[in-house]
There are 2 protein chains.
Amino acid sequence: MMKEFELIRQIQRQTSASNDLESGVILGIGDDAAVVEVPAGLHLVAATDTLNAGVHFPEDTSPFDIGHKCLAVNLSDMAAMGAVPRWILLSLSLPEVDPHWVESFMAGFNTLAQAHCVSLVGGDTTSGPLSISITAMGLIEAGRQLTRSGAKPGDMIVVSGTLGGAARALELLQSGNPAAERHLLDRPQPRVQLGQTLVGYASACIDISDGLLADLGHILIASKCGARIDVSRLPQPEGLGSVEEELKWNYQLSGGDDYELLFTISPDHRARLATWSNQFDINLSIIGEIELQEGTRCTKPDGTAYNAQSTGFEHFRHKT
Amino acid sequence: MMKEFELIRQIQRQTSASNDLESGVILGIGDDAAVVEVPAGLHLVAATDTLNAGVHFPEDTSPFDIGHKCLAVNLSDMAAMGAVPRWILLSLSLPEVDPHWVESFMAGFNTLAQAHCVSLVGGDTTSGPLSISITAMGLIEAGRQLTRSGAKPGDMIVVSGTLGGAARALELLQSGNPAAERHLLDRPQPRVQLGQTLVGYASACIDISDGLLADLGHILIASKCGARIDVSRLPQPEGLGSVEEELKWNYQLSGGDDYELLFTISPDHRARLATWSNQFDINLSIIGEIELQEGTRCTKPDGTAYNAQSTGFEHFRHKT
């Protein structure tokens, strides 16, 4: 059994490489707080998310994947704002101090952190049920953040990547079936570069954590408008190809944990979508349109209405 | 049973009053992240702390006091840096959604937040064992933060308030005795104004969360020096007056959760201590001196060495 002080030293040792001259870190891990520099003309963007074992990831998830996912979820919030993520605070509650677990967790965390050039600058470790709270801090040019409130009737509704894969993988796992697509649940890819690129173009943006309909609903309420979704245009991962149509739509409409970006954008920018799709090698699908009439209307390929069922995928996790 | 969306609305409603024009909040609760403005010439100071039920507060602590304490602990980190706290992110894991619990928790949180003019700007709510993660963000003039690393031989060692009261209250509670001093455990007062006043004077500063010897040790390691502590000068709360001398010293030396400031300062500034003490109505005690020789030496009133016992107050909670 390793002492807690050793644990912090281990975390510090594993992460020190990411604090370089360009990082803006004035004071990193090892004091009562971190100190960072926000350049003039930029605003600070900050979000926090907690992931609890058994709620946000299956108990048997590998520590490497937990380290990846808890950071990915927070970077996804930065992406949804169009922000450049810079600094991370990590609060780790562990039932016991296991250096091997922590090493693997930090390896997953650091691999993603380095890919996005973010620096771990502080946090705390504590005793408790396995839980990870992360605060991501990033930068955005003053007044340029993407919000939920700018969608306008006539805007296209666009989603990145594919939908429903994480929910399908979770359901297969829970029913005891080996899930070939488990990486969709365990290794979401935050669309950070795409989010930054959308600044100045997208009228509203959110990341899909609670499911398409739930998160689209946040945009519609904030923007005071409605939407029409064409269910046949919802992008599907390979694993959903063999799934019965209505079940598939439910995964895509209501499944959480995909962490794709959902944004609205004027049809004037339609041609840019293909450019961005090539640039970032990310599928971008136009799945519907913003309308004046409030609420969301889903239509089937034959033009008739599709009423999404209550799905049971909903989990108790929401942003305040 | 209240729905989660309602819960967030409730939190938002209870806190919206604190976001005024002076708050620097560009975008508060209700989007994927908060956006705040860091004025030119200032650096951002950020710290996070998680409090778990049964670890950082007794299971039977009132929600009002939990709301107070989880914010107090984070404001105390701002105080230890000399920073002006501005913005808070709150991540709340709850076993069930109980609107009365949340209302009382937020009342405790908001009372302290308003006293220190900090704004709740975002966070998340989630399902899980009762746990609260808070990130505090504050401001400091560039390069002026108080750190752990500036203590010099000859500096006085000073502590605010009293020591050992929280540990004593916890022990009484755990042994089934009614603790008249329970407020010392449940309602720590972050020394925010004092911390800001120390900027430019204190050579090192930390807040006492893990106990005097443990937290002084962090200063000594960071500053590469040692210390002599005169145990008879350790400030005691009323409740410790009747406790046997060596047990009392152990509470004072090793008891955690007092959240007082521990700082080192040149004897040139000795006269300022009385001024600050009057100004903030806080006891400030010179308890020892920084020395060249590494390690901490405690001396009894008769001048002989006092070896603090291993106390059992230690809990698994450390800053990274």
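Strand E3 (residues 42–52) of chain A and strand E2 (residues 34–36) of chain B run antiparallel and are joined by three bridges. Strands (E, at least two residues) and helices (H or I, at least four) are DSSP runs, numbered from the N terminus. Two strands pair if DSSP finds at least two bridges between them. Within this pairing, A:Val45 stands opposite B:Val35. Strands of a sheet pair through backbone hydrogen bonds, in either a parallel or an antiparallel sense.

The model is predicted: local features need pLDDT of at least 70 and side-chain atom pairs count only at pLDDT 80 or more, while totals for chains, interfaces and linings use all residues. Residues are numbered from 1 along each chain as its sequence is written, and chains are lettered from A and ligands numbered from 1 in the order in which they are written.

The contact between the chains takes 58 residues from chain A and 58 residues from chain B. Two residues are in contact if their C-beta atoms, placed from the backbone, lie within 7 Å. On the side of chain B that touches chain A, strand E3 (residues 42–52) of chain B gives the most, with nine residues. This side of chain B comprises 27 nonpolar, 20 polar and 11 charged residues. Ala, Val, Leu, Ile, Met, Phe, Trp, Tyr, Cys and Pro count as nonpolar; Asp, Glu, Lys and Arg count as charged; the others, Gly among them, count as polar.

Chain A has nine helices and 13 strands. Six strands form an open sheet with mixed pairing, in the order E8-E10-E7-E11-E9-E12. Strands E8 (202–207) and E12 (295–299) of chain A stand at the edges; each has a single partner strand, so one side of each is left without a neighbour in the sheet. Neighbouring strands of this sheet are turned by 25° against each other on average, direction ignored. Axes are lines fitted to C-alpha atoms, for helices over the stretch in contact, and angles run from 0 to 180 degrees between N-to-C directions. Five bridges link strand E9 (residues 226–230) of chain A to E12(A) in the parallel sense. A:Gly226 has A:Gly295 as its bridge partner. Helix H2 (residues 63–81) of chain A packs on the sheet and touches E8 and strand E10 (261–265) of chain A. The direction of H2 makes about 170° with that of E8(A).

The C-alpha trace of chain A spans about 65 × 50 × 35 Å along its principal axes. Of the contacts in chain A with a separation of 6 or more, 87% join residues 24 or more positions apart.
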